[in-house]
Amino acid sequence: MRWAVPEAEFMDPGTLGCQGCGGALSMRMVLKEVGDDAAAVLPACCWSIIDGPWPLHSLNIPVLHTAFETAAVVATGIKAAKRHQGKDTTVIAWAGDGGTFDIGLQALSGAAERNEDILYVCYDNEAYMNTGIQRSSATPVGTWTTTTPDERPEPRPKKDIMAIMAAHRIPYAATATSAYPDDLARKVRTAVAARGGMRFLHVLSACPPGWKMPADQAIEAMRRAVLSKVFPLYELRNGRDLTITVWPDREVAIEEYFELQGRFAPLEHEPQTVEQIRSDVAERWQALVDRHERTMALAGA
Amino acid sequence: MSLEHVDDYPEIPVSLASTRTMLKTGAWRSVRPVLTERTAPCTTGCPAGLGVPAYLDDITAGRLDRAFLSLTARNPFPRITGRVCPHLCEDGCNLPIRTGDAAVSIRSIERWLGDQTADVAHPQPNPPTGKHVAVVGSGPAGLSAAYYLRRSGHEVTVYERRAEAGGVLRYGIPDYRLPAPIVASEVARLRNMGIDIRTGVALGADVTLADLEATHAAVFIATGAWQERPLEIDGAELLESGLAFLESVNQGEARVPGPHCAVIGAGNTAMDVARVLRRLGADVTVLYRRTAAEMPAIREEYEEALGDGVTFEWLTNPTAIDKNPAGLTVTVETMRLGEPDESGRRRPIPTGETRDVRFDGVFAATGETADLSPFPPFMQTRAGNLDVRPDGATRDPLVFVGGDLATGPATVIDAIVAGRRAARAIDHQLGFDARWPMDELSEPVAAAETNPTYITRRARTDSPPVATVDPFDEETRTLTTGEVLGEIERCMSCGHCNACRTCFVFCPDGAITWDEGPVIDHEFCKGCGICVVECPGHAMILINEREVSHA
Ligand SMILES: Cc1cc2nc3c(=O)[nH]c(=O)nc-3n(C[C@H](O)[C@H](O)[C@H](O)COP(=O)(O)OP(=O)(O)OC[C@H]3O[C@@H](n4cnc5c(N)ncnc54)[C@H](O)[C@@H]3O)c2cc1C
Ligand SMILES: Cc1ncc(C[n+]2csc(CCOP(=O)(O)OP(=O)(O)O)c2C)c(N)n1
Ligand code: SF4
Ligand code: SF4
Ligand SMILES: [Mg+2]
């Protein structure tokens with residue numbers, strides 16, 4: 001295997017990400033493709049910390065820290081100012097799952113509906129990690145967090161943010177993860193090239209402390225999420241045309257994904273939840289495959 | 001407050017310095033990743049300890065000269081072993097254990113490298129030492145010893161009884177497996193290094209051991225095992241020697257006794273005799289007193305014999321041979337398997353049931369023994385074997401031995417190893433102790449340590465059979481460069497960094513930079529261990545910081 005990942009770095013070492021931070025790796029990989037003609041907006045999230053304490057910061061692009069719920073709208077404003085200055089800078093709204101699925105959803109929906117010319121990246125670690133692992137609407141069913149303890153694990157399924165974005169008919173949306181660097185890189189390139197409208201990347205990002213697993217298992221966990229079809233990798237054009245980009249090359253049971261992570265310990269006592277997840281995963285995968293095939297048929301493939 | 005001018009806005013703090021200047025996150029670390037060079041199990045599987053993944057890496061990177069040098073540091077004849085070696089390296093491969101895929105076809109790659117570098121001259125010898133070493137026998141053991149002795153700077157003369165050099169390579173193994181011109185060109189390359197090879201000189205007949213000792217600083221003897229083990233049955237004199245038959249075939253004088261032939265025995269010689277007879281048009285039955293599970297032939301040789309249409313009669317032991325006007329009648333006894341013997345294989349036990357079978361010719365190939373007549377009695381043990389140390393030294397300080405002569409029938413690579421080991425022992429004996437480092441191999445990388453995620457998963461590509469007009473033309477072809485590069489992509493490169501960049505790609509801290517290989521910036525590496533876990537061949541290992549700070 002020879003990687004198609006560029007050598008150039010736009011994230012300096014010395015970040016405050018934890019050991020094995022998937023969110024830090026997602027940023028490093030995304031910026032390698034975006035380059036330095038870019039600016040990032042960070043709402044409150046782990047990345048507010050990861051970039052470094054004043055007067056230090058690690059990204060080689062300007063970063064604006066902003067309020068928890070405002071990533072999309074602040075990015076929209078910066079883009080407007082850049083456009084006013086005659087610049088074509090890529091403006092990235094970089095938010096966690098809390099800042100995207102929950103509190104930032106209104107601003108995100110507004111920007112998407114207006115088809116703002118921004119690149120919105122949600123690095124999804126499936127809980128409010130920065131404040132100490134509270135559940136969000138991105139937390140999967142059956143998960144332990146500090147607010148959904150072992151006796152009462154997360155009761156609701158993960159919100160389908162991609163369906164919400166699809167409903168906005170934005171030009172480009174994709175799921176990705178740094179366990180598949182070439183796929184992620186290609187999606188970032190596609191998103192950058194689709195400038196002019198709203199682009200959304202949903203990037204699964206392991207959090208070793210929050211997922212309760214050894215740091216060195218971060219890549220393996222993200223890989224198993226994809227192979228077990230818990231987190232399928234696909235892209236969506238205009239909210240309609242869906243193509244699956246990574247077809248799992250081997251069978252991995254959902255249990256193999258769960259067993260790497262202590263946060264799924266409650267599932268050991270809930271076999272009926274596991275079965276429910278298994279059938280949900282299979283059903284969602286089949287729906288994606290159907291849509292993929294429809295897209296191919298329409299494209300005359 | 002009016003906010004019309006930029007100066008009307010409140011000041012906000014701006015971070016301008018890089019985290020690189022002050023945030024030395026390396027202090028968080030309790031374990032550190034370090035790049036190492038570890039031994040691969042294919043390397044430990046190879047009797048010569050060839051550093052397989054390192055030379056595969058050189059091939060991919062286009063450094064063929066370096067691949068050739070690293071290979072010939074332990075085996076001067078990749079063109080030959082790449083064709084006939086039983087490839088124990090592949091038996092060690094981690095890939096089947098880790099993934100269920102077939103082993104990397106290392107032997108086919110070795111053959112390709114050998115052919116690609118067929119015209120590369122061997123390295124210039126060290127400065128002359130003024131010592132002259134005699135080598136007797138030009139099989140793989142003798143040629144290997146001559147090669148390493150010459151590289152060490154000694155003057156080397158090889159004495160060979162037959163008309164051409166090569167031993168079994170030239171006179172035993174048939175051309176369709178190992179073409180004679182390949183052996184001849186390897187011999188020519190050795191001559192170009194300044195090795196003097198004298199054919200038609202037999203130890204015992206033309207020179208004596210005492211003569212050689214008088215004129216040389218040391219003598220290495222590797223005359224092989226060429227005496228057919230006599231079968232003690234009635235009519236044994238009616239048998240033809242399998243090895244002698246192969247020798248005549250290799251001299252272009254094949255004589256088939258008739259359309260129905262039998263071969264007694266199931267070793268490599270038996271397989272070659274049977275296959276040659278098939279190629280010459282006879283139908284052939286192998287008579288063997290045990291079963292396929294116990295036969296000593298290299299597995300592939302057996303499979304190829306089956307493919308050629310050789311018939312095998314298992315648990316069949318010839319007890320007598322008789323001549324009659326219509327040919328030969330062989331009386332065979334049916335055997336059954338008993339308890340394992342000292343070789344670990346189950347012992348054949350007579351059942352008393354016999355029958356007669358008719359053939360036109362019967363070949364004996366039940367194993368060869370060495371001719372010890374040139375050696376004085378004091379060099380032999382009471383049991384009548386040569387007394388040999390592992391490095392080839394004998395009871396005569398000037399004389400070293402190796403190859404089939406010392407071990408009985410073995411393999412080409414075993415002979416090459418014996419030649420190299422004896423060359424080192426002789427070099428030491430002649431007073432050059434320091435220049436041959438000990439090269440013991442360390443514990444190999446375990447399959448469980450490897451990560452097959454990033455290698456290319458595809459079917460194994462082996463040197464494929466080709467259709468030939470002449471049944472003695474080489475039966476397989478060398479892989480193409482494209483096929484070799486594709487095959488190498490299957491290798492996990494156990495224990496050897498082949499610059500795949502996986503660690504660089506996955507480091508969440510950007511703490512790995514690239515300078516031909518990975519350079520870990522220990523000022524910033526947090527010790528998450530991702531690079532170690534993701535490294536396909538586990539060439540990266542984690543060590544405890546305590547071992548570093550208190551070292
Ligand atoms: C038919 C056959 C097929 C085989 N196939 C394989 C195979 O596919 N793969 C494999 O790995 N191994 C194979 N082997 C085994 C392998 O060939 C031997 O183990 C190897 O050749 C031994 O090498 P050597 O140098 O010790 O002896 P040899 O190759 O036997 O060489 C000994 C040399 O010494 C010479 N000599 C003998 N007596 C004297 C004397 N008195 N004076 C001077 N010179 C003398 C001989 O002429 C010969 O050239 C095969 C063996 C046979 C017989
Ligand atoms: C309005 C508001 N409420 C709460 C907070 C406290 N807060 C800071 S970060 C954070 C969690 C962010 O979670 P997420 O967006 O998932 O990012 P993560 O930290 O997991 O990377 C919270 C609740 C805040 N900064 N602002
Ligand atoms: S995968 Fe490659 S390095 Fe590892 S044992 Fe097999 S051939 Fe050797
Ligand atoms: S992946 Fe990077 S940070 Fe983690 S141990 Fe390796 S070099 Fe250090
Ligand atoms: Mg989060």
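## A hairpin in chain B

Strands β12 (residues 316-324) and β13 (residues 327-340) of chain B pair in the antiparallel sense over 8 bridges. Strands here are DSSP E runs of at least two residues, and helices are H or I runs of at least four, numbered from the N terminus; two strands pair if DSSP finds at least two bridges between them. With 2 residues between them, β12(B) and β13(B) form a hairpin. If you want a place to look, Asn317(B) stands opposite Glu333(B) in β13(B).

This is a predicted model, where local features need pLDDT of at least 70 and side-chain atom pairs count only at pLDDT 80 or more, while totals for chains, interfaces and linings use all residues. Residues are numbered from 1 along each chain as its sequence is written, chains are lettered from A and ligands numbered from 1 in the order in which they are written, and side-chain values use heavy atoms, with hydrogens and water left out.

## Where chains A and B meet

The contact (heavy atoms within 4.5 Å) takes 41 residues from chain A and 40 residues from chain B. Between them the two chains bury about 3300 Å², 57% of it on carbon and sulfur atoms; buried area is the accessible area (1.4 Å probe) lost when two parts are put together, summed over both. Trp3(A), Pro13(A) and Leu56(A) supply 20% of the area that chain A buries against chain B, more than any other three residues.

Across this interface there are 3 salt bridges, each defined as a side-chain nitrogen of Lys or Arg within 4 Å of a carboxyl oxygen of Asp or Glu. A salt bridge joins the side chains of Arg223(A) and Glu534(B) (3.1 Å, N to O).

A strand pairing also crosses between the chains: β2(A) is joined by 2 bridges to strand β1 (residues 17-18) of chain B, and the two run parallel. There, His57(A) stands opposite Ser18(B) in β1(B).

## Around ligand 1

Now to the ligand. Of the 35 residues around ligand 1 (a heavy atom within 4 Å), Val84(B), Glu160(B), Arg162(B), Arg177(B) and Trp226(B) come nearest.

Backbone atoms of chain B also make polar contacts with the ligand, meaning pairs of N or O atoms within 3.5 Å. A polar backbone atom of Val168(B) is 3.0 Å from an oxygen atom of ligand 1. For Val412(B), a backbone N or O atom lies 2.9 Å from a ligand 1 oxygen atom, and for Thr411(B) the distance is 3.4 Å.

How values were computed
A polar contact is a pair of N or O atoms within 3.5 Å; within protein, one must be able to donate a hydrogen and the other to accept it, and residues adjacent in sequence count only if both atoms are side-chain atoms.
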